[in-house]
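Please open the structure in the viewer and keep the selection panel at hand.

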Amino acid sequence: MSETRTLDEAPTDAPLVSARGEGNNRREEREGDVEDVGLHHIQLIVRPSTASEAWRLRTSDPGATRFLGGGIDVVLYTPETVTTLIDLSRVARVGVSEDRRGLSIGAGTTLSELLEAREAGSWVGGFLADVLRCVASPLQRNVATVGGAAARAHPWSDVILAMLVLDAEVEVYDGVARSVPAAEFYAARAQDVAPLITAVRLPARPASARGAFEKFGRTGFDVGLLNCACVANVVRGLCGGARVAVGGTPGLARRLSDVEGFLEAKRLSRETIAEAAMLAARIVDARDDRRASETYRRTLTGVGIRRCLTQLAGIEGEGAL
Amino acid sequence: MMSLELTINGERRALAAHPGDTLLDVLRREGYVGVKKGCGSGDCGACTVLLNGRAVNACLVLAARAEGASILTIEGLADGDRLHPIQEAFLDEGAVQCGYCTPGMVLSAYDLLSRNATPSEGEIREAISGNLCRCTGYVKQIRAIQTAAERMRSERDE
């Protein structure tokens, strides 16, 4: 029989997966009209107490194991080859703290907890909170964790888009604990087993830093057809340290460094904004998929970047197309 | 099978569950059929329950992750024969048609009003954005939640 147990209840040299030996006939065993929606192939859930133990378990059988954070993606997307879940509830720190260096967000913090944290609510003029309010629904934000959102790296992820423009650092464990810039972390995602994310750190930004976010979707709840974000320090109308990223292209969000370079030390006039928006539309790595065409995504990119920069510049009456 | 300890509607329960069961599977199997199974993918909100005070899609939470947690289902909201003010308001405002989405909608409203006694219409819309109604639209539900908020404030002030 399979069972859920914690590592401190079981010897660490115990078999990782206990054979169930009964076949997956649970649906036939049940009476009534409701077919279960659970994962019938999961036979064991283990609860390690440390990141190193979690990593050892994950790498001992990569094809048959998955990390379990909030669990939404585990429920929705776990392949049937996976038989063991490594529950990170004892490993993942929950909570948000702020110090001189910036904001540190434990990987086990839910998106709702982050949204409601005082430090995060006002981060970069409320930009982070604006993004989080657009992620799925409260029902899912109450479960989804920051670590899970960062680890799953869905192309349409609003969280990853925000991480990129906020110069986030991802604290990971893959045998050693280290910190990796988000842009680098997502560029190097070809590893067999993605590192365990322990925290996300957002470096402190000048008080003048502001951000803007645009998401295009068929409904407020649906994943976006495209999303984009800009963060910059705008002092006396001049733009500094701009970060511009576009996601759901349909690839994973990426920064547009050419647009960032174009904006550096420029006055955010209507003409500059229009030029930056056109540049973004031209260079974005847009492609067709079932949700939208490449052409439409290029148009959305131009509109979205224009709206974001207009908002940063504080130009009235230009927000809506 | 594994043993799972939950507090459901104030009652401590020790339940048997499979490691891959969702909270929805376990609750319905135990007879809490007010927790509706709709999409099974977190899109409709029919399976909404409160997990440690926060509204969640029970279809997206593995039961094992709820170990030791406190669960509130629609069955636990009324006080005996006395309906909760949110339930009363849904009836009074006609915010029910087929009723399949209603338990989830009511519990999302409960989560909201537990933390925000004076929500704006926008905040109400946001709170129920994960609960789909295919019968009526949302006007009456929003009005019902506004009515419930007023009544709950009045009760507290008395």
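**First stop: a sheet in chain B**

Select B:Glu5 and then B:Ala14 of strand E2 of chain B, which stands opposite B:Glu5. Helices (H or I, at least four residues) and strands (E, at least two) are DSSP runs numbered from the N terminus. This is a predicted model, in which local features need pLDDT of at least 70 and side-chain atom pairs count only at pLDDT 80 or more, while totals for chains, interfaces and linings use all residues. Residues are numbered from 1 along each chain as its sequence is written, and chains are lettered from A and ligands numbered from 1 in the order in which they are written.

Two strands pair if DSSP finds at least two bridges between them.

Next, display the whole sheet of chain B: five strands, in the order E2-E1-E5-E3-E4, form an open sheet with mixed pairing. Strand E2 (11–17) and strand E4 (54–57) of chain B stand at the edges with a single partner strand each, so one side of each has no neighbour in the sheet. On average, neighbouring strands of this sheet are turned by 40° against each other, direction ignored. Angles run from 0 to 180 degrees between N-to-C directions, and axes are lines fitted to C-alpha atoms, for helices over the stretch in contact.

Two residues are in contact if their C-beta atoms, placed from the backbone, lie within 7 Å.

**Second stop: chain B as a whole**

How many helices and strands does chain B have? Its secondary structure comes to five helices and five strands, and from the N terminus on the elements run β-β-α-β-β-β-α-α-α-α. Along the principal axes, the C-alpha atoms of chain B fill a box of roughly 45 × 35 × 25 Å.

**Third stop: where the chains meet**

Display both chains. The contact takes 31 residues from chain B and 32 residues from chain A. On the side of chain B that touches chain A, the elements giving two or more residues are helix H1 (23–29), E4 and helix H4 (121–127) of chain B. E4(B) gives the most, with four residues.

Select the five strands of chain A that form an open, antiparallel sheet in the order E5-E6-E9-E7-E8. Strand E5 (96–99) and strand E8 (177–181) of chain A are at the edges, each with a single partner strand, so one side of each is left without a neighbour in the sheet. The twist averages 25° from one strand to the next.

Turn to E7(A) and E8(A), which run antiparallel and are joined by five bridges. For A:Val172, the bridge partner in E8(A) is A:Arg178.

**Last stop: a helix on the sheet**

Select H2(A), which lies across E7 and E9 of chain A and runs at about 130° to E9(A). Which residues of helix H2 (residues 51–60) of chain A are buried? They are A:Ala51, A:Ala54, A:Trp55 and A:Arg58. Seen down the axis of H2(A), these buried residues fall within an arc of 95°, so they line one face of the helix. The arc is that of the directions from the helix axis to the C-beta atoms. A residue is buried if 20 or more other C-beta atoms lie within 10 Å of its own, exposed if 12 or fewer, and partly exposed in between, with C-beta atoms placed from the backbone.
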